[in-house]
Amino acid sequence: KAVREAEKAIGQVSYEPTAKQIKGRAFARSLYVVKDIKKGEVITEENVRSIRPGFGLHPKHLKSFLGKEFNCDLEKGTRLGWEAAHIDV
């Protein structure tokens, strides 16, 4: 009985981001290209950095990409994302 009362007190669990979290996303960090890149260039901490705003790939993924190669030319300021990571994995 106590478990069911606790479940009612908690209400429905939602894993969707709240409006406040969505608004704060602009202040988070993400991975961006900080130098002009040529196809085949190796990913280093000098050409990809974690900067604001946070609309690209999360910085926790940087180490998994270090040492890999870009598969196209990129301009400085391009954000990285899963759908267009521009990386040969």
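This is a predicted model: local features need pLDDT of at least 70, side-chain atom pairs count only at pLDDT 80 or more; totals for chains, interfaces and linings use all residues.
What percentage of the 89 residues in the protein chain do buried residues make up?

1. Burial and surface. Buried residues account for 22% of the 89 residues in the protein chain. The chain exposes about 6800 Å², of which carbon and sulfur atoms supply 54%.

2. Overall architecture. The protein chain contains three helices and four strands, arranged from the N terminus in the order α-α-β-β-α-β-β. Its radius of gyration is 19 Å, well over the 12 Å that the globule rule gives for 89 residues, so the chain is more spread out than a compact globule. The C-alpha trace spans about 65 × 25 × 20 Å along its principal axes. Of the contacts with a separation of 6 or more, 55% involve residues 24 or more positions apart.

3. In soluble globular proteins, nonpolar side chains tend to be buried together. Here the largest nonpolar core comprises 11 residues: L31, V33, I37, I43, V48, L57, L62, F65, F70, L74 and L80. The elements that contribute two or more residues to this core are β1 (30-33) and α3 (62-65). With neighbours within four places in sequence set aside, L62 is in contact with L31, E45 and V48.

4. Helix α1 and its cover. Helix α1 consists of residues 2-10. This helix is hardly covered, as the count of buried residues among its nine residues is zero. G11 follows α1 and has a positive phi, near 85°.

5. Salt bridge. A search of the whole structure finds one salt bridge. The side chains of E7 and R4 meet in a salt bridge, with an N to O distance of 3.0 Å. Both residues lie in helix α1, three residues apart, which is about one turn of the helix. An α-helix has 3.6 residues a turn, so residues three or four places apart point the same way. E7 is classed as partly exposed because its relative accessible area is 43%, whereas R4 is classed as exposed because its value is 51%, and the cut-off for that class is over 50%.

6. Nonpolar surface patch. Which residues form a nonpolar patch on the surface? The patch is formed by I10, V13 and Y15, which together have about 410 Å² of accessible area. I10 belongs to helix α1 and is exposed, with a relative accessible area of 64%.

Notes:
Residues are numbered from 1 along each chain as its sequence is written. Side-chain values use heavy atoms; hydrogens and water are left out. Patches are made of residues with over 30% relative accessible area and no salt bridge: like charges are joined within 9 Å, nonpolar side chains (Val, Leu, Ile, Met, Phe, Trp, Tyr) within 5 Å. Accessible areas come from the Shrake-Rupley method with a 1.4 Å probe; for residues, only the protein chains shown count as cover. A salt bridge is a side-chain nitrogen of Lys or Arg within 4 Å of a carboxyl oxygen of Asp or Glu. Buried means under 20% relative accessible area, exposed over 50%, partly exposed in between (1.4 Å probe, protein chains only). A nonpolar core is a set of buried Ala, Val, Leu, Ile, Met, Phe, Trp, Tyr and Cys residues joined through side-chain atoms within 4.5 Å. Contact means heavy atoms within 4.5 Å. The radius of gyration is taken over C-alpha atoms; the globule rule is 2.2 Å times the number of residues to the power 0.38.
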